[in-house]
Amino acid sequence: MSNRVERAKALRRMLQRSGQELPDEALAEVGVAGVDVWQPNTDYASGQVVAQGDRMYRILQAHRSQAHQPPGSAGMLAVYAPIQRDPAPGQVLPWVYGEAGLAVGDQREHGGVAYEAIQSPGANIWEPSTAPSVWRAKTT
């Protein structure tokens, strides 16, 4: 059993190191189990990947984390970029604060409602229910 535990620890270390080099799509497939959980008062390097809840974030600037500024919080998009997998055709993914690269026609779920982007949301900082010029609720 000890040998299996050691191999698992070694695999985790390898995933953590390679996370800096993997593209976001590959990281999204690995999932949060393969990366460190974000912690306050921790030094992070640019390019490092951390998990906060069920989401992953790529660190854009080296910094020491602060408890009141976790990934996904307002104003932190210059420090933490959310990682989201590419959807399959027609798939509705969860809405993620700050997700970049969204285009017209992309679909996201927020608050139990599916929305479709009717124009590019840019940095995607407005919840769909508050931005009817960007998001349209889908009807079934």
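Is Arg108 buried or exposed? Select Arg108 and take a look: this residue is buried, with a relative accessible area of 2%. Here, buried means under 20% relative accessible area, exposed means over 50%, and partly exposed lies in between (1.4 Å probe, protein chains only).

Before moving on, a word about what is on your screen. This is a predicted model, in which local features need pLDDT of at least 70 and side-chain atom pairs count only at pLDDT 80 or more, while totals for chains, interfaces and linings use all residues. Residues are numbered from 1 along each chain as its sequence is written, and side-chain values use heavy atoms, with hydrogens and water left out.

**Stop one: Arg108 and Glu99.** Arg108 forms a salt bridge with Glu99 (a side-chain nitrogen of Lys or Arg within 4 Å of a carboxyl oxygen of Asp or Glu). Their closest N and O atoms are 2.8 Å apart. Glu99 is buried as well, at 5% relative accessible area.

**Stop two: Arg136 and Glu116.** Now select these two, whose side chains meet in a salt bridge at 3.6 Å, N to O. Arg136 sits in strand 10 (residues 135-137) and Glu116 in strand 9 (residues 113-117), so the pair ties together parts 20 residues apart in sequence. Strands are DSSP runs of E, at least two residues, numbered from the N terminus. Arg136 is partly exposed at 45%, and Glu116 is partly exposed at 22%.

**Stop three: Arg64 and Asp43.** Finish with this salt bridge, where the closest N and O atoms are 3.3 Å apart. Because Arg64 lies in strand 5 (residues 63-64) and Asp43 in strand 2 (residues 43-44), the pair ties together parts 21 residues apart in sequence. Asp43 is exposed at 54%, whereas Arg64 is partly exposed at 44%.

A search of the whole structure finds 3 salt bridges.

Conventions. Helix = DSSP H or I, 4+ residues; strand = E, 2+ residues; numbered from the N terminus.
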